[in-house]
Amino acid sequence: MDVLALYQQAGAYHEGHFLLASGRHSPKFLQSTTLLQYPHLTEQVGQALAERLMASGVQADFLIGPAMGGVTLAYETARHYRSAAGRPRAIFAEKDGQGGMKIREAFTVGEGEPFIAVEDVLTTGGSVLKAVRAAEAAGGRCVAIACIVDRRAQEGPLEGYPLVSLTRLVFDTYPPDEVPEWLAAIPLQEI
């Protein structure tokens, strides 16, 4: 699957000067909400991610996504994912108002219940790790993190959690105090 082509097809790949959620600046940006508004593209991505997870042998009872970006993706991936326990649930973690995330009371997580955390684009992993912490605090056990695009500079696991991604696209990013002049000359777009 050519993930970048899907983003381009959906009009979700942008070039310019962007302030990412991580606080870093980048000349390129992938707007997953634009991609995920199209059910046929969301289905393709969710199915491909589920297949990659199943091929890796990861076994989970539920998938969790950080609100808002990971909600649709966690649902669609869970729709196609099968484990030894059968069909998993899809839940989400939402902001707790204190810089972290929480799980709604309507979602139950069993002690030691295995789960996969799902995110669209992984740049630093901050949002998905907050969802992992929320599910772990509820008693769950993270067995993997999955994403459409891994943008991190370093490959491999994320804080010790196995990582499964559809593709790896490394775009340059810069901390606010190290933005190069050529990028600073382009009007900043906050996303």
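1. A pocket, as the word is used here, is an open set of grid points with protein on both sides within 12 Å along at least five of seven lines, and its lining residues have an atom within 4 Å of a point. In this predicted model, the largest pocket has a lining of 33 residues. Ala 21, Glu 119, Asp 120, Val 121 and Ser 127 are the lining residues nearest the pocket centre. The space in this pocket amounts to about 740 Å³.

2. The lining draws on several elements of the fold. At least two residues each come from strand E2 (25-30), helix H2 (32-36), helix H4 (69-80), strand E6 (114-122) and helix H5 (126-137). Sorted by class, the lining comprises 15 polar, twelve nonpolar and six charged residues.

3. An unreviewed UniProt entry lists, under "binding site", Lys 95, Glu 119, Asp 120, Val 121, Leu 122, Thr 123, Thr 124, Gly 125, Gly 126 and Ser 127. From this set, the lining of the largest pocket takes in Lys 95, Glu 119, Asp 120, Val 121, Leu 122, Thr 123, Thr 124, Gly 125, Gly 126 and Ser 127.

4. Lys 95 belongs to strand E4 and counts as exposed because its relative accessibility is 66%, where exposed means over 50%. Leaving aside residues up to four places away in sequence, Lys 95 touches Gly 100, Met 101 and Lys 102. Gly 125 is placed in the loop between E6 and H5, and its relative accessibility of 4% is why it counts as buried, the cut-off being under 20%.

5. Helix H5, which supplies part of the pocket lining, has twelve residues and spans 16 Å from first to last C-alpha, close to the 16 Å expected at 1.5 Å a residue. Its buried residues are Val 128, Leu 129, Ala 131, Val 132, Ala 134 and Ala 135. These pack against strand E3 (62-66), strand E4 (89-95), strand E5 (101-103), E6 and strand E7 (141-150). Just after H5, Gly 139 has a positive phi of about 115°.

6. Which residues does Ala 135 touch, not counting those up to four places away in sequence? They are Phe 62, Ile 64, Ile 103, Val 109, Phe 115 and Gly 140. Ala 135 lies in helix H5 and counts as buried because its relative accessibility is 0%.

7. Helix H3 (residues 39-56) has 18 residues and reaches 25 Å from its first C-alpha to its last, close to the 26 Å expected at 1.5 Å a residue. Buried in H3 are Leu 41, Thr 42, Val 45, Gly 46, Ala 48, Leu 49, Ala 50 and Leu 53. Their cover includes helix H1 (3-9), H2, H4, E6, E7 and strand E8 (163-168). Gly 57 follows H3 and has a positive phi, near 85°.

8. Most residues other than glycine have a negative phi, and most peptide bonds are trans. The peptide bond from Ala 67 to Met 68 is cis, with omega near 0°; Met 68 sits in the loop between E3 and H4. Glu 159 is not a glycine, yet has a positive phi of about 50°. Glu 159 is located in the loop between E7 and E8 and, at 54% relative accessibility, counts as exposed.

Key
Residues are numbered from 1 along each chain as its sequence is written. This is a predicted model: local features need pLDDT of at least 70, side-chain atom pairs count only at pLDDT 80 or more; totals for chains, interfaces and linings use all residues. Side-chain values use heavy atoms; hydrogens and water are left out. On a 1 Å grid over the protein atoms alone, a cavity is a set of points where a 1.4 Å probe fits but cannot get out, and a pocket is an open set with protein on both sides within 12 Å along at least five of seven lines; lining residues have an atom within 4 Å of a point. Grid points are joined across faces, edges and corners, and a volume is the space filled by probe spheres set on the points. Helices (H or I, at least four residues) and strands (E, at least two) are DSSP runs, numbered from the N terminus. Ala, Val, Leu, Ile, Met, Phe, Trp, Tyr, Cys and Pro count as nonpolar, Asp, Glu, Lys and Arg as charged, and the others, Gly among them, as polar. The expected span of a helix is 1.5 Å times one less than its number of residues. Buried means under 20% relative accessible area, exposed over 50%, partly exposed in between (1.4 Å probe, protein chains only). Contact means heavy atoms within 4.5 Å. UniProt positions are given in the numbering used here, feature names are shortened, and annotations may be inferred rather than shown by experiment.
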